[in-house]
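Welcome! Please take a moment to look over the sequence and the 3D view, and then read on for a short tour.

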Amino acid sequence: MFTTSRLLTLSLLATLVSALPANFTERAPELGDLSEDEALSLVERATLASVYTKCSTANTVAITFDDGPYKWNSKIVDTLNAAGAKGTFFVNGNNYECIYSTDNEKRLKKAYNAGHQIASHTWAHLDWQKISKDKLKSEMTKTDTALTKILGVKPAFVRPPYGSYNQASREVAAANGQSLVIWDFDSGDSVGKSASQSNTLYTNIANKKPSSILTLNHETYQSTVDTVLPHALKVLKAKGYKFVTVAECLGGKAPYAKKQTAGKRDSTWKC
């Protein structure tokens, strides 16, 4: 017997399947064989953004930095480059500084051109669970627009400020074509840990030697840039880890949802 919810679910599934490539739509006749729970599960997977909390590629470390671009960004890039490491920067549009400033344009281009990954941390570092879906959409699209203008890319990955998200925000992210990235190791710099304490945390995780590590750091703390990052690279390299971008540590996923020619500075480059 077809319940109303089952009929609605199957209708949505049919709509989703119609948008899939031909090799997927060949399975369409099988949809009616699904249980209601199975169908609902498929709909959920199709309408909610994926959430990644750890890397999937063994022996990799993804060093990530939030809240920039900021004045120490270039030094981070230099340090990573000198170590033969790749990093990922989750940037805001208007948090510590305006993303459109000429300095930040240079910082972003330097990091991107060096092969580091640029991802979104949304516009003003607002808690996703405390704003409406329309507001969150704006926070995402304004950041995407800025990165498209400056670098010619729309990130495929976004990190929710404070690591805070819910089902509604996952729906918005999915509609925007982005996956969520959290972390499984926190240096603690944003919650008051001293550089010495953060170094100890890195030493401890290195000694535990997990299969992979997805780190959280913030480029807005000079001690993280000057002291913690060099230490982290040293102790993790000694354990044989490879330093890669988030996209690489997730099995080589595409870092960008869209790539095009970067824009030229004009009157719209403002916060």
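Here is a briefing on confidence, helix contacts, a salt bridge and some backbone details.

This is a predicted model, where local features need pLDDT of at least 70, side-chain atom pairs count only at pLDDT 80 or more, and totals for chains, interfaces and linings use all residues. Residues are numbered from 1 along each chain as its sequence is written, and side-chain values use heavy atoms, leaving out hydrogens and water.

**Confidence**
- The protein chain has an average pLDDT (the predictor's confidence in each residue, from 0 to 100) of 90, and 83% of the residues reach at least 70.
- Over residues 1-29, pLDDT stays under 50, and the model has 24 contacts (heavy atoms within 4.5 Å) beyond four places in sequence for them.

**Helices H6 and H7**
- Helices (H or I, at least four residues) and strands (E, at least two) are DSSP runs, numbered from the N terminus.
- Helix H6 (residues 133-151) and helix H7 (residues 167-175) have axes that come within 10 Å and cross at roughly 45 degrees; axes are lines fitted to C-alpha atoms, for helices over the stretch in contact, with angles from 0 to 180 degrees between N-to-C directions.
- H6 and H7 are therefore oblique to each other (under 35 degrees counts as roughly parallel, over 145 as roughly antiparallel, 65 to 115 as roughly perpendicular and the rest as oblique).
- On the H6 side, Lys 133, Leu 136, Lys 137 and Met 140 meet Ala 168, Ser 169, Glu 171, Val 172 and Ala 173 of H7.

**Helices H4 and H9**
- The axes of helix H4 (residues 73-82) and helix H9 (residues 222-238) come within 11 Å, crossing at roughly 20 degrees.
- That makes H4 roughly parallel to H9.
- Lys 75, Ile 76, Thr 79 and Leu 80 in H4 touch Val 225, Asp 226, Leu 229, Pro 230 and Leu 233 in H9.

**A salt bridge**
- The count comes to eight salt bridges (a side-chain nitrogen of Lys or Arg within 4 Å of a carboxyl oxygen of Asp or Glu).
- One of them joins the side chains of Arg 107 and Glu 97 (3.1 Å, N to O).
- Arg 107 lies in helix H5 (residues 102-113) and Glu 97 in the loop between strand S3 (87-91) and H5, so the pair ties together parts 10 residues apart in sequence.

**Backbone details**
- Most residues other than glycine have a negative phi, and most peptide bonds are trans.
- The peptide bond from Gly 68 to Pro 69 is cis, with omega near 0 degrees, and Pro 69 sits in the loop between strand S2 (60-68) and H4.
- His 125, a residue other than glycine, has a positive phi near 60 degrees, and His 125 is in the loop between strand S4 (117-120) and H6.
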